[in-house]
Amino acid sequence: GEQGACCLDPEGQLYRSPAFPPDGGAKFTLGAGDTFNAAFIYAWCSSGQSDLGSALRFACRVAGKKCGVRQWEDLREVVQDITEDVLPTENSLRNL
């Protein structure tokens, strides 16, 4: 939401992420929560369930970007850009 998000790991460690409002303001918020959930699950699983803070931040970024696009137009490109910033790509993993 507007205040970001937080979560607790099983040991009680609190993680927080700020909100990432879209440039130009919100245009379409329907589905932002579902987008957040899907992005969190994707990032959490992609990290091998080892980086809760990054997964939370990624989900906030994707949900914020989702609010800045009409319906779901251009969301694929937005998520791809964020994913390349936050999560390792298949090519980068091959180069390790």
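**A walk through a predicted model**

Q3 is exposed, with a relative accessible area of 80%, where exposed means over 50%, buried means under 20%, and partly exposed covers what lies in between, with a 1.4 Å probe and protein chains only. This is a predicted model, in which local features need a pLDDT of at least 70 and side-chain atom pairs count only at pLDDT 80 or more, while totals for chains, interfaces and linings use all residues. Residues are numbered from 1 along each chain as its sequence is written, and side-chain values use heavy atoms, with hydrogens and water left out.

Q3 itself is found in the segment before β1 (5-8). Leaving aside its neighbours within four places in sequence, Q3 is in contact with S17 and A19, contact meaning heavy atoms within 4.5 Å. The C-alpha atoms of Q3 and F20 are 9.2 Å apart in space, although these residues are 17 apart in sequence.

Stepping back to the whole chain, the protein has four helices and two strands, and along the sequence they follow the pattern β-β-α-α-α-α. These elements are DSSP runs numbered from the N terminus, with helices (H or I) of at least four residues and strands (E) of at least two. Of the 96 residues of the protein, 32% count as buried. Among contacts between residues at least 6 apart in sequence, 59% join residues at least 24 apart.

How confident is the predictor in this protein? The average pLDDT, which is the predictor's confidence in each residue from 0 to 100, is 82, and 75% of the residues score at least 70. Where pLDDT is low, the predicted coordinates should not be read in detail.

The aromatic residues come next. A search of the whole structure finds three aromatic pairs; rings of Phe, Tyr and Trp (its six-membered ring) pair if their centres lie within 6.5 Å, and planes under 30 degrees apart count as stacked, over 60 as edge-to-face and the rest as tilted. F36 and F40 form a stacked pair, with 6.4 Å from centre to centre and 20° between the planes. Because F36 and F40 are four residues apart in helix α1, they are separated by about one helical turn. F40 counts as buried because its relative accessibility is 18%. The rings of F40 and W44 have their centres 6.5 Å apart and their planes at 15°, so this pair is stacked. F40 and W44 also lie four residues apart in helix α1, about one turn of the helix, and W44 is partly exposed, with a relative accessible area of 23%.

The last stop is the largest pocket, which holds about 290 Å³ of space. A pocket here is an open set of points on a 1 Å grid over the protein atoms alone, where a 1.4 Å probe fits and protein lies on both sides within 12 Å along at least five of seven lines, and lining residues have an atom within 4 Å of a point. Of the 17 residues that line the largest pocket, the closest to its centre are G1, E2, A63, G64 and C67. Helices α1 (32-46) and α2 (52-67) each supply at least two residues of this lining, and the largest share, four residues, comes from α2.

Notes
Grid points are joined across faces, edges and corners, and a volume is the space filled by probe spheres set on the points.
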